Amino acid sequence: MASMTIRNLDDGLKQRLRMRAATHGRSMEDEARDILRAALATSEPPARNLADAIRARLLSVGGVELNIPPREPIRDPPDFSV
């Protein structure tokens with residue numbers, strides 16, 4: 001099994017982890033493993049690309065309809081011969 005060291009942990013967060021571990025009757029290390037296991041067990045599959053991620057995010061609110069203006073004719077190129 002692999003091991004990991006977590007540095008620069010906020011004192012308040014460490015205290016909360018200690019209290020949570022004590023509540024569940026286990027060590028801080030075992031509690032951290034359980035938290036990581038639970039957080040990573042329910043991960044949703046990543047979106048294939050940015051457009052799919054945006055589309056999925058907007059579907060929950062009904063999507064967005066954009067008014068696309070009609071295309072205008074192409075302008076004549078500028079004349080630099082003068």
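1. Arg 26 and Asp 34 form a salt bridge, with their closest N and O atoms 3.0 Å apart; the term denotes a side-chain nitrogen of Lys or Arg within 4 Å of a carboxyl oxygen of Asp or Glu. Both partners are partly exposed, Arg 26 at 28% relative accessibility and Asp 34 at 25%. Here buried means under 20% relative accessible area, exposed over 50%, and partly exposed in between (1.4 Å probe, protein chains only).

2. The model is predicted: local features need pLDDT of at least 70, side-chain atom pairs count only at pLDDT 80 or more, and totals for chains, interfaces and linings use all residues. Residues are numbered from 1 along each chain as its sequence is written, and side-chain values use heavy atoms, with hydrogens and water left out.

3. A salt bridge also joins Glu 31 to Arg 20, at 2.7 Å from N to O. This pair links distant parts of the chain, since Glu 31 lies in helix α2 (residues 28–41) and Arg 20 in helix α1 (residues 11–24), 11 residues apart. Helices are DSSP runs (H or I, at least four residues), numbered from the N terminus. Glu 31 is buried at 0% relative accessible area, whereas Arg 20 is partly exposed at 39%.

4. Arg 20, Arg 26, Glu 31, Asp 34 and Arg 37 belong to a network of salt bridges.

5. In helix α3 (residues 50–59), Asp 52 and Arg 55 lie three residues apart, about one turn of the helix. Their side chains meet in a salt bridge of 2.9 Å, N to O. Asp 52 is buried at 19%, while Arg 55 is partly exposed at 48%.

6. The count of salt bridges comes to seven.

Methods. Helices (H or I, at least four residues) and strands (E, at least two) are DSSP runs, numbered from the N terminus.
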